[in-house]
Amino acid sequence: MTPADLSELLHATATTVLTQRGLDASVLPERVTVERPRNPEHGDYSTNIAMQVAKKAGVNPRDLATWLAEALGNADGVDEATVAGPGFLNIRLAADAQNQLVVSILEQAGAFGQGKALDGALINLEFVSANPTGPVHLGGARWAAVGDSLGRVLEAQGAEVTREYYFNDHGAQIDRFARSLDAAARDQPTPEDGYAGDYIGEIAATVVKDHPGILELPESERVEAFRADGVELMFGHIKRTLHEFGTDFAVFTHEDEMFSSGLVESSVQQLKDNGNLYEKDGAWWLKATDYGDDKDRVVIKSDGNAAYIAGDIAYIKHKFDRGFNLAIYMLGADHHGYIGRLKAAAAALGYDPAQIQVLIGQLVNLVKDGKPVRMSKRAGTVITLDDLVDAVGVDAARYSLVRSSVDTSIDLDLDLLAQASNENPVYYVQYAHARLSAIARSAAELDVVASTEHLGLLDHAREGDLVRTLGEFPAVAAGAANLREPHRIARYLEELAGAYHRFYGECRVLPMGDEEPTDLHRARVALCAATRQVLANGLALVGVSAPDRM
C-alpha cells in the first residue's frame, strides 16, 4: 500500500464516518495528507485530518479521530490505528499490505512512479535559449539539466512535451558578435562592447578558412559574412555541447524568423485592432498594466523599430497557434520582470495568462580548493557547460545542477563532485544502484531466486523503512511534475539510497558459505530488486545513468 493508496482509503473512510453521523463530508479536502512519523514506534504513517476538518464538521477532533481509528481497524491492509494527542491518527499497516508494494514495483518495472495526471496536456517547454554569441554558460547549463529533467517528469505524468530552444539571433548582440569575429580575423583588438575568448578566434579562423577571400571584402559585406557563418558555427557548437550533455531539443526557433515571417507585424496589428496598443510620444505601447504588469511596455519605438518585446509577443502567438495549451519558459535570474510582461502579452492577445508559466533560475558558482572559479580558458569571461563537464563528467554535472531548487543560488564544489565518496550526492545514489546490481549478480550465481511469496518475513525495522520509502516514489514524482520541481526527485533518491544503505548494513541479503538459501533470503532479494528498479526509474527522470558497476 502506497501513501497515495492510504490517502484514498482515509478519504473514503472519513466520508463514510461523517455521513453516517449526519455530518457534512464536503469539508474533507480532495486529498488527505499522510506523513511518516519521526518516531517509527508511533506507526508507519500519521495524519492530522481529524484536526483539519473537525471544526468545520462541528465535532471534537479527538472524537473524530477515534471514530476514524475504529473504522480503519476493520479495513483491509491496516493492522492498527490509534489516536494521539488532540487528534493525530497513527496508522500501522499490515505486513502483507505493506510488502505488496514490492510486488507492484516488480510488476510495473519502468512504469512504476508514472501517472496520468497530465494526460491531454500539450506543453511547450522552452529552456536554455542562449544567445548564439558564445558557449553555453553555467546559467544555461543549469537550465539544460533542469529543463530536460522537468520534461521527463512531465512526460512521466502523461503530458506531451515539446522541448524548444529559442535563438535570440536578431538584434544588437549579433552585430557585436559579428564585429568581434571580424576584428579577431584581422588581428585587431576586441571591440569595446564585443565578445572575447579563445572561441572567437577559433570561429573567425574557421570562417576565413572556408571563405579565403573574405578579408578582402568591403567592411559591411565582410561583417555580414562573419555574422552568417559565425552564428551557424556557434549554433552548431551549442547543439553538440547540449547533445553530449544529454539534452536534445525537438524544435529550434529563431527570433529572426518572427520578423522575417511577418509574424511580428501581424501580431502588432492584432493588438492595434483589439485596442490593446495605444500611441504615445510617437511610439506604440502595450496596455500591459490592464493585465497585471507593473507598467505599460513600448512595442514599437518612436523611430519605427520594434522593441524587444515585439518578438516575445509574436513568439507567444507562434506557440499557441501550434496547438500548445501550456507554455513554460525557463529564464535566467535577471528576467524577473518577464513574468508580468509575458502574461500580459498573452492576455492582450486573447489567451489565458495562466497558460504562461515562467520559472526563474538563480546563479550557479563553481568552487575549487575552497575558492571561487571565475575564468574559463575557452570563453575568457564566464565558466561554461564545457568547463563543468570537463571537470566532473556529465552525470555529476547534471545531478548537481538538478538537485537544488532553481529559485536558490548554488555553489558547486568541483573537488567534492570528483570524489568517489558518500559525501558526493550523485556517487551516493549511483553506488546504491551499483551495489544492488552486484547483489543481483551474486544471487544469480548462488541460485537465490527473488520470491514475493514470503514477503511477510520482511519484519525488520530497516526493511519496513525501506519499503515505506519505496512507496513514496509515485507521490514524489507526481509532486515534482505538479510543482515543476524536478529537484524533488533527486532529494528523494538520496533518501532512498540512505534507506537502502542502512538496510544493507543490518540485514544480510545472501547466504554465507555453505548456508542454504532460505525464504527470507529470497524475499530480501526481491526487496533489493524493487529498490534497484525505483532507483533506476528516478535516475532516468533526472537524466543520470544507473550504473551496474562502479
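Here is a short walk through a predicted model, from its sheet to its nonpolar cores. Local features need pLDDT of at least 70 and side-chain atom pairs count only at pLDDT 80 or more, while totals for chains, interfaces and linings use all residues. Residues are numbered from 1 along each chain as its sequence is written, and side-chain values use heavy atoms, leaving out hydrogens and water.

Let's start with the open sheet, where five parallel strands follow the order β6-β5-β4-β10-β11. Strands here are DSSP runs of E with at least two residues, helices are runs of H or I with at least four, and both are numbered from the N terminus; two strands pair if DSSP finds at least two bridges between them. β6 (251-254) and β11 (356-360) each have a single partner strand, so one side of each lacks a neighbour in the sheet. Strand β5 (residues 160-167) runs parallel to β6 and is joined to it by four bridges, with Y166 opposite T253.

Now for a helix on this sheet. Helix α11 (residues 308-321) touches β4 (122-126), β5, β6, β10 (326-331) and β11, where contact means heavy atoms within 4.5 Å.

What about the interior? A nonpolar core is a set of buried Ala, Val, Leu, Ile, Met, Phe, Trp, Tyr and Cys residues joined through side-chain atoms within 4.5 Å, and buried means under 20% relative accessible area (1.4 Å probe, protein chains only). The largest such core has 108 residues, among which V128 and I489 touch the most other members. A second, separate core of 32 residues includes F320, A344, L349 and V358.

Key
Buried means under 20% relative accessible area, exposed over 50%, partly exposed in between (1.4 Å probe, protein chains only). Axes are lines fitted to C-alpha atoms, for helices over the stretch in contact, and angles run from 0 to 180 degrees between N-to-C directions.
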